[in-house]
Amino acid sequence: MNSCKNYKQIETNWDYETTANRRHKFLSPSLRTFVAFQKPIILKHGHMQYVWDEKGKQYLDCLAQNLCISVGHSHPFVTAEAMKQAEELTHCTTMYYHPVPAHFAEELVSKMPPGIDWVAHFVNSGAEAMDLAVLMARLYTGNFELLALRNSFHGLHFGAMSLTGISTCRHNVPLNHGIIHVNNPDQYRGIHGATVEPYLKEIDITINSSTPGQIAGFIAEPIQGFGGVIPLPQGYLAGAFERIRAAGGVCIIDEVQTGFARMGTDMWGFQDHGVFPDIVVMAKGIGNGYPLAAVVAKRHIAEAMAQKKFFNTYGSNPTACAAGRAVLRIIDEDRMLENAETTGALLKQKLEKVKSRHDIIGDYRGRGLMVGVEFVKDRTTKEPAPEEAARVVETAKDNGLICGRGGVFGNIIRINPPLCVTERDMELLADVLDESCQKI
Ligand code: PMP
């Protein structure tokens, strides 16, 4: 057809300045607000735990594209499975039947605690999944208020933004009503220090003072990720769940960062706390880079949403679900749980040494391959050191190591590599961090 032949597509230009200018000119200004480095790098190629920029410089990707890359960049098996499905039938909405999402749901719920009738609802992003989880909780309980934790990150769409407890992420508009934030039990710099009971007491007080006494639910990340890699202490979730259920609510766990074997010993972050959630939200690592998220809920809770029509165009997309199935298989076949455990343990050992050499490091913490290093000007006052953390991240980048930075004060270096990293990678990472701390 003539019209096709006349179409002039601009040849993709990998030049740095041209890309930066084109991005500023044509992509929305909101995308300026969250970039990785002072001068962000262009990523051209990825394989397993490594990425390469447009000039061919190699980096160990210890942020894994915000933890989306679970089993490895462009993992050959995941890519092949997704491509096979895309070539056969790229999309099929849930108005039609297709076996791939159904198989994936079966395989996914088999990873959940047994003896419970779990069902999965697939969507495209973590924020979407959060919105669904809140809707389910409200419809099922007939209650309205939900408790979330301060310092939490649950996404930035309208509903999810209401749950997120970090002011730099919340726009000045009336958000979803009925979300009440309680103090997060941060054991390093929390308002009640390294305890559990006073934080649980806050839940009692909040339910008794700020709600009708009956609530829809509670939502928490087992380790607050973007908020600064803050693990919930043992006993907190168990105590919280007890209180929430006594007030008629359901317990929602956000496994967007902690799920899919990242914790090492367990597939899910909640398992270490001896609790059983009612709804689990998953995203990021579920698709290893394909847009995919899920709400896995107890059937009788999910049933509450079946009273009205529900449809979203891309939910259960078979290409993304084919990628999701491949991810589960790789986690199992390549023994990712074990690898996250051993490499994560080695990383902690190495960080202990780095900490002993640099007073600027006040704390390091986390589980498996989800680790945070907190930079402070003074170990006693714990005054945050965000500029120093930023300089370490920049120096490490120049030396071929990508790490993230987060926390309310921006003073936490986040280390969350793909689960296929090796012990050698962890040694290299510790060496680069050590040298970068030395330089500041
Ligand atoms: N929950 C957590 C714990 C997250 O870290 C994120 C994303 N950083 C989300 C939810 C939202 O996911 P998405 O960006 O896919 O909307």
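Reader: Is the crossing of α5 and α11 left-handed or right-handed?
Author: The crossing of α5 and α11 is left-handed. Keep in mind that this is a predicted model.

Reader: What makes α5 and α11 roughly parallel to each other?
Author: Helix α5 (residues 99–109) and helix α11 (residues 318–333) pack at an angle of about 30°. Angles under 35 degrees count as roughly parallel, and α5 and α11 therefore get that label. Their axes are 9 Å apart.

Reader: Which residues of α5 and α11 meet?
Author: On the α5 side you have V100, P101, H103, F104, E107 and L108. They meet P318, C321, A322, G324, R325 and L328 in α11. By class, that contact has eight nonpolar, two polar and two charged residues.

Reader: At what angle do helix α12 and helix α14 pack, and why is α12 called roughly parallel to α14?
Author: The angle between α12 (residues 336–357) and α14 (residues 423–439) is about 20°, with the axes 9 Å apart. The cut-off for roughly parallel is under 35 degrees, so α12 is roughly parallel to α14. The crossing of this pair is right-handed.

Reader: What makes the contact there?
Author: From α12 it's T342, T343, L346, L347, K350, L351, V354 and R357. From α14 it's E423, M426, E427, L429, A430, L433, D434 and Q438. Sorted by class, the contact of α12 with α14 has eight nonpolar, three polar and five charged residues.

Reader: And α8 with α9: why is α8 called roughly parallel to α9?
Author: Helix α8 (residues 197–210) and helix α9 (residues 236–246) pack at about 15°, with their axes 10 Å apart. Under 35 degrees counts as roughly parallel, so that is what α8 is to α9. The crossing of α8 and α9 is right-handed.

Reader: Which residues in α8 and α9 meet?
Author: E197, Y199, L200, I203, D204 and I207 of α8 meet Y236, G239, A240, R243 and I244 of α9. They divide into seven nonpolar, one polar and three charged.

Reader: On to the ligand: what surrounds it?
Author: S125, G126, A127, F153, H154, G155, E221, D254, V256, Q257 and K284 do.

Reader: How far from a nitrogen atom of the ligand is a polar side-chain atom of K284, and a polar backbone atom of F153?
Author: For K284 the distance is 2.9 Å, and for F153 it's 3.4 Å. The limit is within 3.5 Å, so those two count as well.

Definitions and conventions
Residues are numbered from 1 along each chain as its sequence is written. This is a predicted model: local features need pLDDT of at least 70, side-chain atom pairs count only at pLDDT 80 or more; totals for chains, interfaces and linings use all residues. Side-chain values use heavy atoms; hydrogens and water are left out. Axes are lines fitted to C-alpha atoms, for helices over the stretch in contact, and angles run from 0 to 180 degrees between N-to-C directions. Helices (H or I, at least four residues) and strands (E, at least two) are DSSP runs, numbered from the N terminus. Angles under 35 degrees count as roughly parallel, over 145 as roughly antiparallel, 65 to 115 as roughly perpendicular and the rest as oblique. A crossing is left-handed if the near helix is turned anticlockwise from the far one by less than a right angle, and right-handed if clockwise. Contact means heavy atoms within 4.5 Å. Ala, Val, Leu, Ile, Met, Phe, Trp, Tyr, Cys and Pro count as nonpolar, Asp, Glu, Lys and Arg as charged, and the others, Gly among them, as polar. A residue is near a molecule or strand if one of its heavy atoms lies within 4 Å of it. A polar contact is a pair of N or O atoms within 3.5 Å; within protein, one must be able to donate a hydrogen and the other to accept it, and residues adjacent in sequence count only if both atoms are side-chain atoms.
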